[in-house]
Amino acid sequence: MTGPQKKKKHHVGDTFYKRKYKTKHRARDIDEVDQDLKKENADRLLNQALDFDKPGEGQHYCIHCARYFLSDQVLQDHFRTKLHKKRIKELKLEPYTIEEAERAAGFGSYIAPKERVIVTQPINVEEYKEPEEVADICSLNIDLQ
C-alpha cells in the first residue's frame, strides 16, 4: 500500500495577482495622512473642485482614511465603521520620523512620542481644527490587557 499522496497545488501562479491587487488597493501611509491633517492641506482637500472621475465628484472626502465617497450619507456611515476608528487610533501617536530613528540608533537622547487628540472631521470646513498634542505617552495611564 502507498502512503498519503502529496497535495496538489491548484493556484501556483496567483502570487502575481495578489501583488497586483495589493498595490492597486494600497492606502496612504500614516505619515502622508499626517501631512494632510494640517490646516492648509485639509482646507484644500475638503474644498476640492468638481472632478467627475472621482467617486461623488470629489466632494465627499475622509481626510483620515484618504478615501472618497459617493454621498454625504455614505461618508457619515463611514465615520461609524471599524476601519475609520482604527485609523483615528493610529493617528493619535505622532508618526515615526527620521530624527526619532537617529535617536534610537544612539545619535541623541530619547524623546517619548506625544499623543494627540484626533476627532472625526466636521462636515463644515470652517469648523476643522488641527490635532492637538496632549502629553507624553509615558505619562498616560494605559491599560495593556
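## Surface and overall make-up

The accessible surface of the protein chain is about 11,600 Å², and carbon and sulfur atoms account for 53% of that surface. The model is a predicted one. The protein chain has 145 residues, of which 24% count as buried.

The protein chain contains 6 helices and 4 strands. Read from the N terminus, their order is α-α-α-β-β-α-α-α-β-β. Among contacts in the protein chain with a separation of 6 or more, 44% are between residues 24 or more positions apart.

## The annotated span

An unreviewed UniProt entry carries the annotation "domain: C2H2-type" for residues 62–84. In the model, this span is 43% helix and 13% strand, and its end C-alpha atoms are 9 Å apart.

## Histidine 64

The relative accessible area of histidine 64 is 2%. Buried means under 20%, so histidine 64 counts as buried.

Which residues touch histidine 64, leaving aside its neighbours within four places in sequence? The contacts are Val33, Leu37, His84, Arg87, Ile88, Leu91, Ile118, Val119, Thr120 and Gln121. For one of these, valine 119, the backbone oxygen is 3.5 Å from a polar atom of the histidine 64 side chain.

## Nonpolar cores

In soluble globular proteins, nonpolar side chains tend to be buried together. The largest nonpolar core in this model is made of 10 residues. Its members are Val33, Leu37, Ala42, Leu45, Leu46, Tyr61, Ile63, Ile88, Leu91 and Ile118. At least two residues of this core come from helix 3 (39–46), and at least two come from helix 5 (82–91). Helix 3 contributes the most, with 3 residues.

Another core lies apart from this one and has 5 residues, including Cys62, Cys65, Phe69 and Phe79.

## The aromatic pair

The structure has 1 aromatic pair. Tyrosine 61 and tyrosine 68 form this pair, with ring centres 4.7 Å apart and an angle of 50° between the planes. The pair is classed as tilted.

Are the two tyrosines buried or exposed? Tyrosine 68 has a relative accessible area of 23% and is partly exposed. The cut-off for buried is under 20%, so tyrosine 68 does not count as buried.

## Positive phi values

Most residues other than glycine have a negative phi. Glutamate 57 has a positive phi, near 55°. The loop between helix 3 and strand 1 holds glutamate 57, and this residue is partly exposed, with a relative accessible area of 35%.

Alanine 66 also has a positive phi, near 55°.

Note on methods: Residues are numbered from 1 along each chain as its sequence is written. This is a predicted model: local features need pLDDT of at least 70, side-chain atom pairs count only at pLDDT 80 or more; totals for chains, interfaces and linings use all residues. Side-chain values use heavy atoms; hydrogens and water are left out. UniProt positions are given in the numbering used here, feature names are shortened, and annotations may be inferred rather than shown by experiment. Buried means under 20% relative accessible area, exposed over 50%, partly exposed in between (1.4 Å probe, protein chains only). Contact means heavy atoms within 4.5 Å. Accessible areas come from the Shrake-Rupley method with a 1.4 Å probe; for residues, only the protein chains shown count as cover. A polar contact is a pair of N or O atoms within 3.5 Å; within protein, one must be able to donate a hydrogen and the other to accept it, and residues adjacent in sequence count only if both atoms are side-chain atoms. A nonpolar core is a set of buried Ala, Val, Leu, Ile, Met, Phe, Trp, Tyr and Cys residues joined through side-chain atoms within 4.5 Å. Rings of Phe, Tyr and Trp (its six-membered ring) pair if their centres lie within 6.5 Å; planes under 30 degrees apart count as stacked, over 60 as edge-to-face and the rest as tilted.
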